[in-house]
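Student: I would like to learn how to read helices and their contacts in a model. Can we go through one together?

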Amino acid sequence: MALEINGKVIETDEEGYIQNLNDWSPEVAEKMAGEDGCELSDNHWEVINFLRNYYQEYQIAPAVRVLTKAIGKKLGPEKGNSKYLYELFPYGPAKQACKYAGLPKPTGCV
Amino acid sequence: MAQQAKFDVPKLREYPIVPRVREGAMQHSKPFVAKPEFQQPLGFPGELVDNWKEVALGKMGELLNKYRSVQVFLDICVKCGACTDKCHYYLGTADPKNMPVARQDLLRNVYRRYFTFTGKYLPKLVGAVDLTQDVLEDWYRYYHQCSECRRCSVFCPYGIDTAEITMAGREILDSVGIGQKYTNEIIGKVFKIGNNLGLPEPALADTLQGLEEEVKADVGVDVRFPLDEKGAEVLLVTPSADFFAEPHVDGLIGYAKVLHQAGISWTLSSYASEAANFGIFSGNYENMQKVAQRIRDAALDLGVKRIVVGECGHAWRVAYSFWNTLIGPFDFLDPKYPAPQHICELTYDLIRQGALRFKREANDHRVLTFHDSCNVSRGSRMGSTPGGQFEIPREIIKACCNHFYDMAPETIGESTFCCGGGGGLLTDDLLELRVKGALPRMEALKRVVDEHGVTHMAAICAICKSQFSKVMPYYGFEMDMIISLHQLVGDALDWGATAAH
């Protein structure tokens, strides 16, 4: 599978996650979200940017509690929970948000 | 919150009905095949080998010798039909190849053709078939529509264990180069990083520190989540989902609170940061051994006296039934405790000693039921009496909750229905199978919801928890209805007296 952004072809795996993490750009996230029928708001971007920064430091997506705590600090305590994250990313914050952020899919019993 | 699905979600009925057979209903369902990079670290060919037929039959011959049970199971079926309506995947999909006997026949018919006298000379007489590309593809499809839950074996008068047939089927597939991406990628991550998630030590340490802060803010007690602390009494190995996902993490918080209140020193290990052992799913002994070995090595390195296993179904089966031969003996551990010990056994012992203080009212907003996980229910045990694996979790729930109702007896205990995502099938590429396979459990749950107002279902398996969070919304249940058993324990612990202590 592949994604085409401004004439450039970006390889993705069977589930649509990009293969080479350096291929990511904000347009990648916009394009993926568009295909899911979702428009990215500032709040989506808060999550995506946090995921990318965390990944750069730790080479893994953050655990859900790490993420909800960070989002609660940024967007207000009423948004620091997974219910809110599921409103933003109905396919699951770990999987859908990681995909848009250009990170590998979390594996295991999750 | 109903989910939109690209397939028909079964309707919940008042009484379960065995469906009429629908030939080929799940013929299209198969998981992604592992790429060479996920195959090779496990010792399997990267892609389908040229002489696959020869290799497959060679592997089958090897397995027949190595596991006599497999040959016995292939020989003794009398086609009585007792298993036909026992598999949750048959009940949910109506595909006749999901009847356990038919699943076994996929291997049995080839076994007869090449390994039995009548099959070699009079194949038609005994239903023996040649190993063709079509057969190989059916193996891949239908050995990935079995969660190795072993419910059918409970009802088989001969005790034929379809899980072992599935494991043999998958091992043959791996040996010819067609592995399953989900399982094999994960085993590779354990070899490389130490857990299914690929969670490196710094991220684990950061996550645990966050949990310490969270618990402190919640209950005002300095409950610790120690990592790599030499000389601790207990090494806790738990599924890495407990660090990462909800509702799992609340179970981990529960274990930590229990250990803290009981004053037991404990540690997690960054080297053995995974209790799960997907080696059992693929049936490959060497991989299963290698995954398990990390836990023995960590226990010796940290100098612990006890190994306790967190809430993970198949991890407990591997630990209880196979660790002794895989990575034993455990003569370096304290003989006063079971080796290994389940976290539920530990908590239950503490409850009986009066070492934990509960405020049961803390769970009064919940009405509970309990989902028995297949790998704990069948082929392992807890405590020192038969059925302890059913009794102990329920006794723990009753000790910390006022409202508990069991689901129908034919759907729990030894006859429990799989969540629909076990055995290496908890992957999005099998979502249709997972949703349909959850039907029997969802119908049983619906009945206690309607009759008793059940609000939550507790479980002691990371796969069950993730599977239910994902599939329950398809049946009109909220995803947070599934809860970790140790969250109930953690929420009910009374810190009033210890704050001073």
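**Reading helices and contacts**

Tutor: This is a predicted model. Start with one helix: in H15(B), the buried residues are B:Asn287, B:Met288, B:Val291, B:Ala292, B:Arg294, B:Ile295, B:Ala298 and B:Ala299.

Student: Which elements do the buried residues of H15(B) pack against?

Tutor: They pack against H10, strand E1 (234-237), helix H14 (279-282), strand E3 (306-309) and helix H16 (313-327), which belong to chain B.

Student: What span should H15(B) have, and how far apart are its end C-alpha atoms?

Tutor: The expected span is 1.5 Å times one less than the number of residues. Helix H15 (residues 285-302) of chain B has 18 residues and so should span 26 Å; its end C-alpha atoms are 26 Å apart, in agreement. Just after H15(B), B:Gly303 has a positive phi of about 70°.

Student: How do H5(B) and H7(B) pack, and at what angle?

Tutor: Helix H5 (residues 100-115) and helix H7 (residues 133-142), both of chain B, pack at about 150° with their axes 10 Å apart. Angles over 145 degrees count as roughly antiparallel, so H5(B) is roughly antiparallel to H7(B). Their crossing is left-handed.

Student: Which residues meet there, in H5(B) and in H7(B)?

Tutor: From H5(B), B:Arg103, B:Leu106 and B:Val110 meet B:Val135, B:Asp138, B:Trp139 and B:Tyr142 of H7(B). By class, this contact has five nonpolar, no polar and two charged residues.

Student: Now the chains. How many residues does the contact take from chain B and from chain A?

Tutor: Chain B gives 30 residues and chain A gives 16 residues. On the side of chain B that touches chain A, the elements giving two or more residues are helix H10 (181-192), helix H11 (201-219), helix H12 (241-244) and helix H22 (462-471). H11(B) has the largest share of that side, seven residues. The residues of that side divide into 18 nonpolar, six polar and six charged.

Student: At what angle do H3(A) and H11(B) pack?

Tutor: Helix H3 (residues 64-75) of chain A packs with H11(B) at about 60°, their axes 9 Å apart. That angle makes H3(A) oblique to H11(B). H3(A) passes H11(B) in a left-handed crossing.

Student: Which residues in H3(A) meet which in H11(B)?

Tutor: A:Arg65, A:Val66 and A:Lys69 of H3(A) meet B:Thr207, B:Gly210, B:Leu211 and B:Glu214 of H11(B). This contact of H3(A) with H11(B) divides into two nonpolar, two polar and three charged residues.

Key
Residues are numbered from 1 along each chain as its sequence is written. Chains are lettered from A and ligands numbered from 1 in the order in which they are written. This is a predicted model: local features need pLDDT of at least 70, side-chain atom pairs count only at pLDDT 80 or more; totals for chains, interfaces and linings use all residues. Two residues are in contact if their C-beta atoms, placed from the backbone, lie within 7 Å. Helices (H or I, at least four residues) and strands (E, at least two) are DSSP runs, numbered from the N terminus. Ala, Val, Leu, Ile, Met, Phe, Trp, Tyr, Cys and Pro count as nonpolar, Asp, Glu, Lys and Arg as charged, and the others, Gly among them, as polar. A residue is buried if 20 or more other C-beta atoms lie within 10 Å of its own, exposed if 12 or fewer, and partly exposed in between; C-beta atoms are placed from the backbone. Axes are lines fitted to C-alpha atoms, for helices over the stretch in contact, and angles run from 0 to 180 degrees between N-to-C directions. Angles under 35 degrees count as roughly parallel, over 145 as roughly antiparallel, 65 to 115 as roughly perpendicular and the rest as oblique. A crossing is left-handed if the near helix is turned anticlockwise from the far one by less than a right angle, and right-handed if clockwise.
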